[in-house]
Amino acid sequence: MSRLVVVTGAASGIGAAVRAMLEEGGDRVLGVDLRDAEVVADLGTAAGRAAAVAGVLEQSGGVVDGLVTCAGLSVPSVALPSVNFFGTTELVDGLRPALAGASAPRVVLIGSISGTQPVDDALVDALLAGDEPAARGLAEAALSDGRPQQLYPSSKAALARWARRTAVAPGWADAGIAVNVVAPGVVLTAMSAALIADPQMKAVMDAAVPMPLHGYAQPEDIARAVGVLLSPSLTHVTGQVLYVDGGAETTLRGPSRF
Ligand code: NAD
């Protein structure tokens, strides 16, 4: 049966691969992105997120079978927490009624192995409290103090924690909506290209994200994992973070973490 799946960040990288996989399988995709999408919207602003939800509701007819949130930024900026965290959570929340109307609704958030790295606890707390002005203020302070490196891990750690909290909150699992996270290691997309091209940055990244199983991933490798979590036949999995990282998380955190 053909499903309607909303994919944010569908214009590039992992989102584009998810779109291609779903369309090849006969599903209809509504992409949300800054360009080249059915719903063109800026997920970095509250107005853009509201417009995205309204655009999806209009074009879907009010029932959404799946939502995959791939839109994201990795270069540190004040906009990063807005796009990576609120650009996902507000869309997921806004589409909850449309998901609840589907027969086997599935939500898959794209997190990151970076969510296991050291974070700015105050920023994670502000994100989980839903306080976007505070989060942007903390990002601005981190940038001006020369501490940009924890912005991305903090946004992804908060996203994973939000997903686990949401998955079993009233209105989600009890409404049949599964919410899971795919956390990739290094994926060969526009986002990682500059890092890989710089030998010094590549060495830092390879040490931070060891991938003994098959090395760097292609976006299609991540899309296939998303496809598994979107499947209506996967009935009892929610609140989980699936590391699609060539063994990086297991290497870094060891066997006692499961
Ligand atoms: P990408 O840069 O190829 O794609 C990101 C997409 O997000 C683009 O189409 C972009 O236009 C869109 N986007 C950015 N800001 C937006 C905004 N304000 N509003 C709407 N859309 C916006 O990157 P990718 O590698 O495909 O990344 C996809 C997701 O995977 C991101 O969340 C990223 O953090 C995560 N991720 C990537 C890697 C990697 O190595 N590439 C690793 C782990 C996690």
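This is a predicted model: local features need pLDDT of at least 70, side-chain atom pairs count only at pLDDT 80 or more; totals for chains, interfaces and linings use all residues.
Let's start with the ligand. Where does the ligand sit? The shell around the ligand counts 29 residues, and the closest of them are Ser-12, Ile-14, Asp-33, Tyr-152 and Thr-189. If you sort this shell by class, you will find 16 nonpolar, ten polar and three charged residues.

Which helices supply at least two residues each to the shell? They are α1 (13-24), α7 (151-167) and α8 (190-197). Of the elements around the ligand, α8 gives the most, with three residues.

| Residue | Protein atom | Ligand atom | Distance |
|---|---|---|---|
| Ile-14 | backbone N or O | oxygen | 2.8 Å |
| Asp-42 | side-chain N or O | nitrogen | 2.8 Å |
| Leu-43 | polar backbone atom | nitrogen | 2.9 Å |

How much of the ligand's accessible area does the protein cover? On its own, the ligand has 830 Å² of accessible area, and the protein covers 92% of that.

Now for the sheet. Strands in a sheet pair through backbone hydrogen bonds, and the pairing can be parallel or antiparallel. Here, seven strands make an open sheet with parallel pairing, and their order is β3-β2-β1-β4-β5-β6-β7. Which strands lie at the edges? The edge strands are β3 (39-40) and β7 (241-244), each of which pairs on one side only.

You can follow one of these pairings in the model. Strand β2, residues 28-33, runs parallel to β3 and is joined to it by two bridges. Looking from Val-32 across to β3, you will find Val-39 as the bridge partner.

Technical notes
Residues are numbered from 1 along each chain as its sequence is written. Side-chain values use heavy atoms; hydrogens and water are left out. A residue is near a molecule or strand if one of its heavy atoms lies within 4 Å of it. A polar contact is a pair of N or O atoms within 3.5 Å; within protein, one must be able to donate a hydrogen and the other to accept it, and residues adjacent in sequence count only if both atoms are side-chain atoms. Accessible areas come from the Shrake-Rupley method with a 1.4 Å probe; for residues, only the protein chains shown count as cover. Helices (H or I, at least four residues) and strands (E, at least two) are DSSP runs, numbered from the N terminus. Ala, Val, Leu, Ile, Met, Phe, Trp, Tyr, Cys and Pro count as nonpolar, Asp, Glu, Lys and Arg as charged, and the others, Gly among them, as polar. Two strands pair if DSSP finds at least two bridges between them.
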